[in-house]
Amino acid sequence: MDINIRLARKEDCPRLMELVNELALFEKAPQEVTVTLEEFEDAGFGENPVWKAFVAEADGVIVGFALYYIRYSTWKGNRMYLEDLIVTEAMRGKRIGKLLFDRLIVEAKELGFSGMVWQVLDWNEPAINFYKKYGANVEAGWLNASLSKEHF
């Protein structure tokens, strides 16, 4: 099978949102996806884009993607924040995640980032093991915090 890794385009957004919803189901939180397709497109391809993504295509069909944005750390400087690395369930185990992650590493080097950070669920052993193969440090001791717009 021939896998093509390329930059995401605006016309890919409906398929990317399908994969986002698939990931939310896998993570047992489908109700948490509240972004609209229009908001998603605007955030990536509007006047002030905030994210960039690479897609993995198999026979012209997007089967995975990796979406990141720039995060600034007062301790480390510009860092790549990997928001999502998704490979559709039917295509897992075919090294597509590795191709996407390797492309992110190249991007981080090319853009001079001081590193890459992301989150992984503590029960997602396959993902944790995948990241550890790269020498990733999976940290304990930090709790996630968030504030929804309903509380602004």
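A salt bridge here is a side-chain nitrogen of Lys or Arg within 4 Å of a carboxyl oxygen of Asp or Glu. With that in mind, consider Glu 41, which sits in helix α2 (residues 37–45); helices (H or I, at least four residues) and strands (E, at least two) are DSSP runs, numbered from the N terminus. This is a predicted model, in which local features need pLDDT of at least 70 and side-chain atom pairs count only at pLDDT 80 or more, while totals for chains, interfaces and linings use all residues. Residues are numbered from 1 along each chain as its sequence is written, and side-chain values use heavy atoms, with hydrogens and water left out.

Glu 41 is buried but has no salt bridge. Buried means under 20% relative accessible area, exposed over 50%, and partly exposed in between (1.4 Å probe, protein chains only). The nearest side chain of opposite charge belongs to Lys 10, 4.6 Å away; Lys and Arg count as positive and Asp and Glu as negative, with His and the chain ends not counted. Neighbours within four places in sequence aside, Glu 41 is in contact with Lys 10, Cys 13, Pro 14 and Gly 46, contact being heavy atoms within 4.5 Å.

Asp 84, in strand β4 (residues 77–87), is another buried residue without a salt bridge. For Asp 84, the nearest opposite charge is on the side chain of Arg 92, 11 Å away. Again setting aside neighbours within four places in sequence, Asp 84 is in contact with Leu 23, Phe 65, Ala 66 and Leu 67. As for Arg 92, it lies over the face of Phe 26, at 5.1 Å from the ring centre (the rule: NZ of Lys or CZ of Arg within 6 Å of the ring centre and within 35 degrees of the ring normal). Lys 28 likewise lies over the face of Trp 123, at 4.2 Å from the ring centre.

Now for the rings. A search of the whole structure turns up twelve aromatic pairs (rings of Phe, Tyr and Trp, its six-membered ring, with centres within 6.5 Å; planes under 30 degrees apart are stacked, over 60 edge-to-face, the rest tilted). Phe 45 counts as partly exposed because its relative accessibility is 31%, whereas Trp 51, at 9%, counts as buried. Tyr 68 and Phe 113 also pair edge-to-face, at 6.4 Å and 75°. Tyr 68 lies in strand β3 (residues 61–73) and Phe 113 in the loop between α3 (96–110) and β5 (116–118), so this pair ties together parts 45 residues apart in sequence. Both Tyr 68 and Phe 113 are buried. Elsewhere, ring pairs link Phe 101, Trp 118, Phe 130, Tyr 131 and Tyr 134 into a cluster.
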